[in-house]
Amino acid sequence: MKPILSAKNIVKIFHTPRKVEVLAGVSLEVFPGQTVAITGKSGEGKSTLLHILGTLEQPCSGEVEICGQTWSDLCLVRNQYLGFIFQTFNLLEDYTVFENVTMPAKIGRTPYTHALHLLEEVGLKERANFPAKLLSGGEKQRAAIARAFCNDPQIILADEPSGNLDHHHSAAIHELLLGSCKKQGKALVIVTHDLELAAMCDTTYLLKDGSLTCVS
Amino acid sequence: MALIASMSVGVIALVVWLVVVFLSVTEGIERSWLEKLTALNAPLKITPTRAYFSSYYYLVDTISERSGYSYKSIGEKSVAPLTDPHDPEIDATPPSHWPEPSGVDPVKAAFAILQQEKGVVAQDFEISAAMLRLNLQKTQTFLTQVSYIASFADQSPYVHSLVLEGSELGGDGIFLAKSFQDHGVKVGDTGYLAYQAATPSSVQEQRIFVKVAGFYDAGVMSVGNKIVLAPSSIVHTISTASQLEHFDKTQSSGIQVWFPQAQEAGKVKARLQAAFEKAGISPYWKIATYHEYDFAKDLLQQFQSDKYLFTLIGVIILIVACCNIISLLMILVNDKKKEIGILQAMGTSSRSIALIFGGCGVAIGFASSLIGVVAAILTLHNLDSLVHALSFLQGHDAFNAAFYGKSLPNTLSHNALLFVFIATPVISLLAGVAPALKASRLRPSEILRSE
């Protein structure tokens, strides 16, 4: 089986305030339906790696292949093949939940007839017309998960999805996220400190000193 | 943010309002001046050159029995039955230094060309001088003034805009400048025009009885107030009988030419010049548009310069006002960084982000223009009330009626509208370029990481 996401020899060096090599030739392969957790201490470059995998940031060297090819139109890749979930939710606060969830479809000019179904799946159907700023933290993250699935992407990239939530809500979010990915056959790359969450994934990597090591 | 946006829109709208009101009023004043100028003097004049007065066809009348051995005016030449009245059997032989007859009479040829021009009305004119003496019925006094006597252009299509209300058109009376009304002259007052006529033994004063038929508006050209408009027969009688030797003969007679659009004087002039060249009569005539009249040239040029200067100042103020848009949009970009990052993560292109902010600039510019234009329309609609209020505050007329008319023109200028609706969005768009570029160059990774 071919990997759906492949990173080869990714190097990332930050020069400010001093030269720091965050990623020193990292390689990673993610297969369809596979759930991958990347763990590591704070400042080890987990989010940087995730952003590079999600084309939000350019590596200094190395290349990222999504669905078997490197892309020049990064906007299309982000819109059609990737779904992002952030620690701080990153919803458009002045818009309603429904508008937030359907935003990727509107950007990609694709139909969003299943948006209400997605909201139902994450338990926010009743909140569809609420402004996002009025939601609780857990609700916001569930809305963000629904948004990530809106354009039916192949890969979901999640950066500390439960970092801002309490234990109870975190567990619910983990269950929802992993369950949705498994159910829909999506690949999931998740960056987390939470070892419990990491253990729930098919593969766990440890990012340390710029190198990625498979730990389970 | 809303306050800053409102202030930006307000400042631009204020400038737009000022530009539209000023340009509309100045355009109206210019139009009114031109209407009066071209009604009195025609938008185009064809005057004879020195070459005409040395031409065979001008000189030949003085040795021809059929012409009464006297010079003929342009009007007389145009209707003369013979192009060349000289009869070698009766008349003296033309002096050897006279030019040979070319077969083309410059006057008849010029009128033939003018008749072929579509929509053109032409009439010859003469200017002379005489002493006007009027018996004023109202005050039972006499008014005496040395005046220029010019042919009344009764064929002018603008004659109705020239004469004032109450004037009697169609008769053989004279028309005086409206300033005569201030001295008590009324329609129906009678008097005479006196001039010196040479007889074989002496010079005697001759008088022609005249009646005031009405008044005309001389406009802003001060020379207009010195002119008495009289039927061409009277002017011609005085011209020929008084044997008046003009300092410059080339200015004392000619052809006035009217056409529907006075602004097209340049084009008509070019066409006539080409036709005159072709007919071989161009050396005998000087064609001048109203822009070239000696008495109007400086004023019109100065007025144009003032208008251009103000338009330039308007553009500069508009640019300064539109700079507000740069500040506003820069603040907006900083304020909406997170949203920009989110949209980029969801697949929005940098081009779309730039278009959003560039579009904001244009929208602000367009909205400001709209508000400014609406305010300008309201101002123009109530211009008289504003002028009255201003006059009341000043204690005297805010705008001199001699220059600006009884009331300021209040017609919205289409040129001003065009200028505002093109210049403002374009300047706003340019003002939106820098913020749009800044927004499009934001890196989603940095924004979302810092959030």
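The model is a predicted one.

In chain A, an open sheet is built from six strands, arranged as β5-β6-β7-β3-β8-β9 with mixed pairing. Because β5 (82-85) and β9 (211-214) of chain A each have a single partner strand, they form the edges, and one side of each has no neighbour in the sheet. On average, neighbouring strands are turned by 20° against each other, direction ignored. At one of these edges, β5(A) runs parallel to β6 (residues 155-159) of chain A, with four bridges between them; here A:G83 lies opposite A:I156 of β6(A). Two helices of chain A that pack on the sheet can be described in turn. Helix α1(A) touches β3 (35-39), β6, β7 (187-191) and β8 (203-208) of chain A, and its direction makes about 150° with that of β7(A). Helix α5 (residues 137-148) of chain A touches β5 and β6 of chain A, its direction making about 170° with that of β5(A).

The largest nonpolar core has 104 residues, among which A:A146, A:I155, A:V189 and B:V20 touch the most other members. Its biggest contribution, 11 residues, comes from helix α1 (residues 2-41) of chain B. Leaving aside residues up to four places away in sequence, the contacts of A:I155 include A:I4, A:V30, A:Y81 and A:V189.

Turning to the contact between the chains, 17 residues come from chain A and 12 residues from chain B. On the side of chain A, α1 (46-53), α2 (74-80) and α3 (97-108) each supply at least two residues. This side comprises nine nonpolar, six polar and two charged residues.

Terms used
Residues are numbered from 1 along each chain as its sequence is written. Chains are lettered from A and ligands numbered from 1 in the order in which they are written. This is a predicted model: local features need pLDDT of at least 70, side-chain atom pairs count only at pLDDT 80 or more; totals for chains, interfaces and linings use all residues. Two residues are in contact if their C-beta atoms, placed from the backbone, lie within 7 Å. Ala, Val, Leu, Ile, Met, Phe, Trp, Tyr, Cys and Pro count as nonpolar, Asp, Glu, Lys and Arg as charged, and the others, Gly among them, as polar. A nonpolar core is a set of buried Ala, Val, Leu, Ile, Met, Phe, Trp, Tyr and Cys residues joined through C-beta atoms within 7 Å. A residue is buried if 20 or more other C-beta atoms lie within 10 Å of its own, exposed if 12 or fewer, and partly exposed in between; C-beta atoms are placed from the backbone. Two strands pair if DSSP finds at least two bridges between them. Axes are lines fitted to C-alpha atoms, for helices over the stretch in contact, and angles run from 0 to 180 degrees between N-to-C directions.
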